[in-house]
Amino acid sequence: MARVALTWLAEPGTRSVHRLVDRLGPVAALDRLLAGGAPDRTLRAAVAARTAAGDAVAVAAEALARGERLGARLVTPEDDEWPAQVAELRDLVLPEAVRRVDVETDPPLCFWVRGAWPLGDALDRSVAVVGARAATPYGTHVATELGYGLADREWTVVSGGAFGIDSAAHRGALTAGGRTVAVLACGLDRPYPMGNTALFDRIAETGLLVSEWMPGAEPLRPRFLVRNRVIAAATRGTVLVEAAARSGATQTLNRALGLARPAMVVPGPVTSAMSVGGHQVLRERPGARLVTGVAHVLEEVGRIGDDLAPLARAPELPRDRLDDDATQVLEALPRRRTLDLEAVATRAGVDLRTAMRKLSMLEELALVVRRDGGYALAPPARTDR
């Protein structure tokens, strides 16, 4: 109850609150704040404003009752299912951080969870797939493929439940019959966007809905940026599929970089406004990696030696196996004429013995045919239509 009350008194991530809890414990920290003992003026003002609107303990008690009616549970760091990796947020320092959402990035005090999976287990092998709400068909296709491919390989797909890239990633994972987790920036009983209510219900049935905010909390704009730090910290890596300039999704990627987690970007058309954010990250942040599919993502987040992506190769052709002399002999043959052995050797710049051996090999590969006492290029292979 103390952790819930503290989250109501000050927005999640508030560094001074988290440090107070680390030092005193949640109950004593709550008592200190309610007694006016906040360690800084900003926090004192926030606590005074909230307590003027209601009793923190009563608000927390009502939230717990409301969560129980919703079928949600409260998960705290004392619970076995707590995802330990989010503790790394206490060391996150973002470069040139000025705004509150970039400074107040400490770990959560608690999570509200809806769904049967233990939270820590669901996030143990997880990848975040994030991007623009106003996604292009290209971005939606890529996000769906990533969500499906990761879930099919038993990785949990984590995103924010928004329209566009988030929804596509969630749906891809659901289609594969895998796990997906939606980390919300509001109460679990206030699905946002409302148009995704049915999607959230599906996620809760087979995966998890997660939020730091108590039931009833509104989806205020700054909360989405506060939430993004959790998506970056709870997963093994973050993939940015599409993002406009100054997108919130790029901030999630920057938090992953700040945590030294794999930060990946799917390239897009240079003519698309939805590619600007991702391409800018690739240009400016050396730690970001370009990925083009599930194999590349797994190479970044998987175990060394187990998840290497195959090298991209074109189909191997018979010509690819030729040595230098054979290539010279083949190139010496004109397209529409037949040459005798001596002429081939002269044009190729090799001796007669070498020319004879290489022509014999080229015949076996069906690249050369013997015709009218000489040699000619074999006609192109015909394919049935």
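**Exercise 1.** Identify the elements against which the buried residues of H9 pack.

*Solution.* The buried residues of H9 pack against E3, helix H8 (137-152), strand E4 (156-159), E5 and helix H10 (197-206). Packing here rests on contact, that is, heavy atoms within 4.5 Å. Helices (H or I, at least four residues) and strands (E, at least two) are DSSP runs, numbered from the N terminus. The model is predicted: local features need pLDDT of at least 70, side-chain atom pairs count only at pLDDT 80 or more, and totals for chains, interfaces and linings use all residues. Residues are numbered from 1 along each chain as its sequence is written, and side-chain values use heavy atoms, with hydrogens and water left out.

H9 spans residues 165-175 and is mostly covered, with 9 of its 11 residues buried; buried means under 20% relative accessible area, exposed over 50%, and partly exposed in between (1.4 Å probe, protein chains only). The buried set comprises Ile165, Asp166, Ser167, Ala168, Ala169, His170, Gly172, Ala173 and Leu174. Finally, note what follows the helix: Gly177 comes after H9 and has a positive phi, near 75 degrees.

**Exercise 2.** Determine which residues have the most contacts inside the largest nonpolar core, and which elements supply at least two residues of this core.

*Solution.* A nonpolar core is a set of buried Ala, Val, Leu, Ile, Met, Phe, Trp, Tyr and Cys residues joined through side-chain atoms within 4.5 Å. The largest such core has 34 residues, and those with the most contacts inside it are Phe111, Val113, Leu119, Val181, Leu208, Val210 and Leu240. At least two residues each come from strand E2 (111-114), helix H7 (119-124), strand E3 (126-130), strand E5 (180-184), strand E6 (208-211), helix H11 (221-234), helix H12 (248-258) and strand E8 (263-265). H11 gives the most to this core, with 5 residues.

Leaving aside residues up to four places away in sequence, Leu119 touches Arg73, Val75, Glu81, Pro83, Phe111, Val113, Leu208 and Val210. A second, separate core of 33 residues includes Ala5, Leu6, Ala38 and Leu184.

**Exercise 3.** Describe the setting of Asn228.

*Solution.* Asn228 lies in helix H11. Asn228 counts as buried because its relative accessibility is 6%. Its side chain and that of Arg227 are joined by a polar contact of 3.0 Å. Such a contact is a pair of N or O atoms within 3.5 Å; within protein, one must be able to donate a hydrogen and the other to accept it, and residues adjacent in sequence count only if both atoms are side-chain atoms. Not counting residues up to four places away in sequence, Asn228 touches Gly248, Thr252 and Arg255.

**Exercise 4.** Characterise the largest pocket and the second largest cavity.

*Solution.* On a 1 Å grid over the protein atoms alone, a cavity is a set of points where a 1.4 Å probe fits but cannot get out, and a pocket is an open set with protein on both sides within 12 Å along at least five of seven lines; lining residues have an atom within 4 Å of a point. Grid points are joined across faces, edges and corners, and a volume is the space filled by probe spheres set on the points.

The largest pocket holds about 1200 Å³ of space. It is lined by 37 residues, of which the closest to its centre are Arg246, Ser247, Gly248, Thr250 and Gln251. H11, H12 and helix H13 (276-284) are the elements that give two or more residues to this lining, and H12 gives the most, with 7 residues.

The second largest cavity has a volume of about 50 Å³. Its lining consists of Pro83, Phe111, Leu119, Leu123, Val181, Val183, Val210, Val230 and Ala234. H7, E5 and H11 each give two or more residues to this lining.

**Exercise 5.** Locate Pro193 and Glu96, and state the backbone feature of each.

*Solution.* Pro193 is found in the loop between E5 and H10. A cis peptide bond, with omega about 0 degrees, joins Tyr192 and Pro193. Glu96 lies in the loop between strand E1 (73-75) and helix H6 (100-103). The phi of Glu96 is positive, near 55 degrees, in a residue other than glycine. With a relative accessible area of 78%, Glu96 is exposed.
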